[in-house]
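Please look at the model below, and then work through the questions that follow.

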Amino acid sequence: MPTSRRSFAVAAVAALVLPLSACGSGGGGGSSDASGKVEGDITFQTWNLRANFKPYFEGLIADFEEKYPGTHVKWIDQPAEGYADKISADAAGGTLADVVNVSPDLAAPLAQAGLALDLDKAAGQYEKEYLEAAWASQQVPGLEGTYAFPWYLNTGPLFYNKSLFEKAGLDAGKPPTTYDELFGTALQLARKTDGEVATLANVPTIEDFGRYGVPLMNDEGTAFAFDDAKGVELLTRYKELYDAGGLDSQALTATPESSGKKFLTGAVAMNPGSALDLANFRKQAPSLYENIGITDQITSTGHVNMYVMGLLVNSQSERKPAAVAFARFATDAARQMSFAKQVAVFPSSAGSLDDPYFTEEDGTDETRVRVAAAKSLKTAVNYTPVLFSEQMKTELRNEVAKALQGKQSPEEALDNAVKACDRLLKQQG
């Protein structure tokens, strides 16, 4: 699990293969019947989790196999980079795992291709076991059904380096809480350090436009709309920041992982993260940990961003009863709570966020972040549109880069990005 993907925004540059949407009718391929005896061999694919959480998953699988004699789960873990491309290749080649760890935007093309089991039909009796918003997050506009079991959620604060603030003459006890304050702070920090210390390490993504209050799609969900005046305003402010040195010089090619390293080494003053990052700061950068500042996500909407993961069941699986049983087993309240305590994520199971673990502080930064994040999750929004594919993310990133480099205006960049994304959206349909 990359610890700095906010905590899950893995910047895979490979796009899901577009012809996928044409290889199935959408809304289910094969039978949606998952009844029958839970038995046989299934494959379970995760997203860069083996390195840090191998004992947990080995225990999870052992417990499942003990509960259901005659089953065997083969665990496959894929690296973060190129994960979307791997799923696409497996789907196209007929080798997609029986149970697949996906974010909603990775599940959408599989659902459109008829490769994701509709859980409303196959396992609708379990819906009440999950948060209503989490279950709904696994639905795809234009299709009827729910296409993955909700798994873990995350959100988190904005971390900042107090020592860098102080060196620039800024009040480390008063971090920015609005966008005006954020950009003002970044410009001042850049001026005071002659451009040596940037405040941010990433160019704006679709979720940043969402947090800024930019409408991302039309009401019908049939076209993108982030090229409006407010979207242009945000990109214009980033351009000013980039020119002044307030945005890291390598931001155009940064990944969440590289941005996290920039913050660890003191090259940038602020970076989004989660409670998981605090342990990494303590271990990898003790001097940073001693000077860490913690503030809320900056948003113009009053709603923080929520990252969502799910477990999708392959509709072509020859062992659907076992695949559904395992996906549900891995995402039930007990297992989600256990995983959340190990990984510093949050469960999507109904009622779990009211557990004292998520509501009571003990005076440490870890519990402070955890309790605040759990509270904010109750009204959080997954700003990334379900239909916003990896290829669309690349198109937006490329156009944003051109604007920051002065090759085109912010207005032209966003107009071009919207046109490209609308074209890709039509190809998905």
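Q: Which residues of α13 are buried?
A: In this predicted model, where residues are numbered from 1 along each chain as its sequence is written, local features need pLDDT of at least 70, side-chain atom pairs count only at pLDDT 80 or more, and totals for chains, interfaces and linings use all residues. Side-chain values use heavy atoms, with hydrogens and water left out. Helices (H or I, at least four residues) and strands (E, at least two) are DSSP runs numbered from the N terminus, and buried means under 20% relative accessible area, against over 50% for exposed and in between for partly exposed (1.4 Å probe, protein chains only). On that basis the buried residues of α13 are Lys 320, Pro 321, Ala 322, Ala 323, Val 324, Ala 325, Phe 326, Ala 327, Phe 329 and Ala 330.

Q: Why is helix α13 described as largely enclosed by the rest of the structure?
A: The helix spans residues 320-330. It is largely enclosed because the buried residues number ten of the eleven.

Q: Which residues are buried on the two faces of β8?
A: In a regular strand the side chains alternate between the two faces of the sheet. Strand β8 covers residues 307-313, and seven of the seven are buried, so the strand is largely enclosed by the rest of the structure. One side carries Tyr 307, Met 309, Leu 311 and Val 313, and the other carries Val 308, Gly 310 and Leu 312.

Q: Which residue of β8 stands opposite Phe 149?
A: Two strands pair if DSSP finds at least two bridges between them. Strand β3 (residues 99-102) pairs with β8 in the antiparallel sense over four bridges, with Gly 310 of β8 as the bridge partner of Val 102. Strand β4 (residues 149-154) also pairs with β8 in the antiparallel sense, over four bridges, and there the residue opposite Phe 149 is Leu 311.

Q: Which residue of β7 is the bridge partner of Asn 161?
A: Strand β5 (residues 158-161) and β7 run antiparallel and are joined by four bridges. In β7, the partner of Asn 161 is Ile 292.

Q: What percentage of the residues in the protein is buried?
A: The protein has 18 helices and nine strands. Of its 429 residues, the buried share is 57%.
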